[in-house]
Amino acid sequence: APAEFSQLSDVIFDLANDLIECDEWDPIKHPAPLASHIPTTKRLKNLTFTKALEPDVKLPNNMKSTCDGYIDDGIAIVLDNKDTTKMVERTRQAMVMALHTIFRPNAG
């Protein structure tokens, strides 16, 4: 029954993408209820970059983040630089907030 589950998970991933892009949502002031259970962002330091191979998938040049998944496996990724610091925190909490927003009538 993956097709039936996918209908709901696609809505969750779409809402998470909208939350990531929403500059009006400040997850520090209005965190997702389960935000304290999400690991903090880990930044890699002292990376050396080399020339990469051409990607198999073309992405828009203005793409800074995305959230996607299949049924109950989701991933949210974001470009972490000086221009996206607020977006990093929104990305960290977006899926949990999307789940809470959709299912909050069931929150105990």
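Asp80 counts as partly exposed, at 36% relative accessibility (buried means under 20% relative accessible area, exposed over 50%, and partly exposed in between, with a 1.4 Å probe and protein chains only). The model is predicted: local features need pLDDT of at least 70, side-chain atom pairs count only at pLDDT 80 or more, and totals for chains, interfaces and linings use all residues. Residues are numbered from 1 along each chain as its sequence is written, and side-chain values use heavy atoms, with hydrogens and water left out.

**Salt bridges**

- The structure holds five salt bridges (a side-chain nitrogen of Lys or Arg within 4 Å of a carboxyl oxygen of Asp or Glu).
- One of them joins the side chains of Asp80 and Arg43, at 2.7 Å from N to O.
- Asp80 lies in the loop between β2 and α2 and Arg43 in the loop between α1 and β1, so this pair ties together parts that are 37 residues apart in sequence (helices are DSSP runs of H or I with at least four residues, strands runs of E with at least two, numbered from the N terminus).
- Arg43 is partly exposed, at 46% relative accessibility.
- Asp23 and Arg90 also meet in a salt bridge, at 3.3 Å from N to O.
- Asp23 is exposed, with a relative accessible area of 66%, whereas Arg90 is buried at 4% relative accessibility.

**Largest pocket**

- The lining of the largest pocket has 18 residues, and Thr41, Lys42, Ala76, Val78 and Val88 lie nearest its centre (on a 1 Å grid over the protein atoms alone, a pocket is an open set of points where a 1.4 Å probe fits, with protein on both sides within 12 Å along at least five of seven lines; lining residues have an atom within 4 Å of a point).
- Helix α2 gives the largest share of this lining, five residues.
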